[in-house]
Amino acid sequence: MDKIEIIKPDDWHVHFRDDEILKAVVPETSRHFARSMVMPNLVPPILNARQAIEYKKRIEKAIPTTDSFEPLMTIYLTEETNSDELKSAYKNGVVFAVKLYPAGATTNSDSGVKDITKIMHVLETMAEIGMPLLIHGEVTDSNIDIFDREKIFIDKTLDFICREIPNLKITLEHITTKEATLYVNEGNKNLAASITPHHLALNRNAIFVGGIRPHYYCLPILKREEHRKALVKVATEGSKKFFLGTDSAPHTISSKESDCGCAGIFNSTYSMSILAQIFDNQALIKNLEKFVSINGANHYNLEPNKKKIKLFKLKKPINILKDFKNFNFNIKHFDPCFPVFWKVEK
Ligand SMILES: [Zn+2]
């Protein structure tokens, strides 16, 4: 097959940042995606409805008039989050979901949750009203090996939340391990997981090919090949519990290539091409639509989009540009280091 038409995809996890970076990256998402779950870890974070409304306005200003695109806003959960305010923000349609960052887990997560028992009452309210919880699923104890942090979070924290509040709709975001695929597959029906293009494309060797490769550093960090294969299996086989969240996370090249480089990969521009190639490599392109356009909408009780997009397979690989031009800063595009023949029709 060298041509497919699919329902316009959604990106269930994206970082738009703010200011100049926001203006640059929003069109890269709105071109190929109809909706996005917008992460709240700005500096300072989005903690309440008022901040979410303001942030949404800034995003909407950056959407090209030719694109119809809906940002779904999230609130950053802290030990001070007020259940009543959350309830009214959700019921008024201002905020769609809540994001749980264990304190210190990733970029701008210092205000995250240290003690999970302090937020259980908030999670109970969310379960009552049907508001989804999005989780960065890694423990942050510096004594725990960075490659084991997701697995241990599942055993210690996620399993506790799922057992205590089985009615809570949960997305374990950007999963990276075989253990996560198994836990989500076997877990309760309200639990699903998102997967990024980069965790499907690369294993942890990519960070060290011929030297240190800061542009492949992200959190959760890339894992061993056996884990990547497990992710590719659940994504491409069409399992209902797994869907796309790009976790596209722009940082300037100078902040990545530094003594203490930032975690995050910017992949919005070429995500759909790269995913089509990964599914095609498995001879399962027929399941791409489920992963990018259907499973996530179903999990969030939303209708799939009305619009469609077309993808074509070219004779020669597409040319993945190195970085953004025409801006006052440089951001590197994610390059999966294998030939990508698929292109989204303009
Ligand atoms: Zn993220």
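Strand 10 gives three residues to the lining of the largest pocket, the largest share of any element. That is where I will start, after a word on the model. This is a predicted model, in which local features need pLDDT of at least 70 and side-chain atom pairs count only at pLDDT 80 or more, while totals for chains, interfaces and linings use all residues. Residues are numbered from 1 along each chain as its sequence is written, and side-chain values use heavy atoms, with hydrogens and water left out.

So, the pocket. A pocket here is an open set of points on a 1 Å grid over the protein atoms alone, with protein on both sides within 12 Å along at least five of seven lines; a cavity is a set of points where a 1.4 Å probe fits but cannot get out, and lining residues have an atom within 4 Å of a point. Grid points are joined across faces, edges and corners, and a volume is the space filled by probe spheres set on the points. The largest pocket holds about 740 Å³. Its lining has 25 residues, and those nearest the centre are Arg-31, His-32, Thr-269, Val-344 and Lys-346. Helix 1 (19-30), strand 10 (308-313) and strand 11 (342-344) are the elements that give two or more residues to this lining. Helices (H or I, at least four residues) and strands (E, at least two) are DSSP runs, numbered from the N terminus. Sorted by class, the pocket lining has eleven charged, eight nonpolar and six polar residues. For the classes, Ala, Val, Leu, Ile, Met, Phe, Trp, Tyr, Cys and Pro count as nonpolar, Asp, Glu, Lys and Arg as charged, and the others, Gly among them, as polar.

Next, the metal. What coordinates the zinc ion? The donors are His-13 (NE2), His-15 (NE2) and Asp-247 (OD), at 2.1 Å. Donors are N, O and S atoms within 2.8 Å of the metal (3.2 Å for Na, K and Ca), and since water is not among the atoms, sites may look incomplete. Along the chain the spacing is H-x1-H-x231-D. His-13 and His-15 are both buried, where buried means under 20% relative accessible area, exposed over 50%, and partly exposed in between (1.4 Å probe, protein chains only).

The whole structure has two cavities of 30 Å³ or more. The largest cavity has a volume of about 130 Å³. Of its 18 lining residues, His-15, Thr-106, Leu-219, Asp-247 and Ala-249 lie nearest the centre. That lining divides into nine polar, six nonpolar and three charged residues. The second largest cavity, at about 30 Å³, has a lining that includes Thr-176, His-199, Asn-203 and Arg-228.

Asn-267 sits in the loop between helix 9 (253-256) and helix 10 (271-281), and is buried at 2% relative accessible area. Beyond four places in sequence, Asn-267 touches Pro-197, His-198, Thr-246, Ser-248 and Phe-334, a contact being heavy atoms within 4.5 Å.

On to packing. Nonpolar side chains in soluble globular proteins tend to be buried together. A nonpolar core is a set of buried Ala, Val, Leu, Ile, Met, Phe, Trp, Tyr and Cys residues joined through side-chain atoms within 4.5 Å. The largest one has 96 residues, and Phe-16, Leu-123, Leu-158, Leu-288 and Leu-311 touch the most other members. Leaving aside neighbours within four places, Leu-123 is in contact with Leu-77, Leu-133, Ile-161, Ile-165 and Leu-168.

Last, the backbone. Most residues other than glycine have a negative phi, and most peptide bonds are trans. Where are the cis bonds? One joins Val-43 and Pro-44, with omega about -5°; Pro-44 is in the loop between strand 3 (35-38) and helix 2 (49-62). Another runs from Leu-219 to Pro-220, with omega near -5°, and Pro-220 is in the loop between helix 7 (197-201) and helix 8 (225-236).

Asp-19, in helix 1, has a positive phi of about 55° and is exposed at 56%. Cys-337, in the loop between strand 10 and strand 11, has a positive phi of about 65° and is exposed at 59%.
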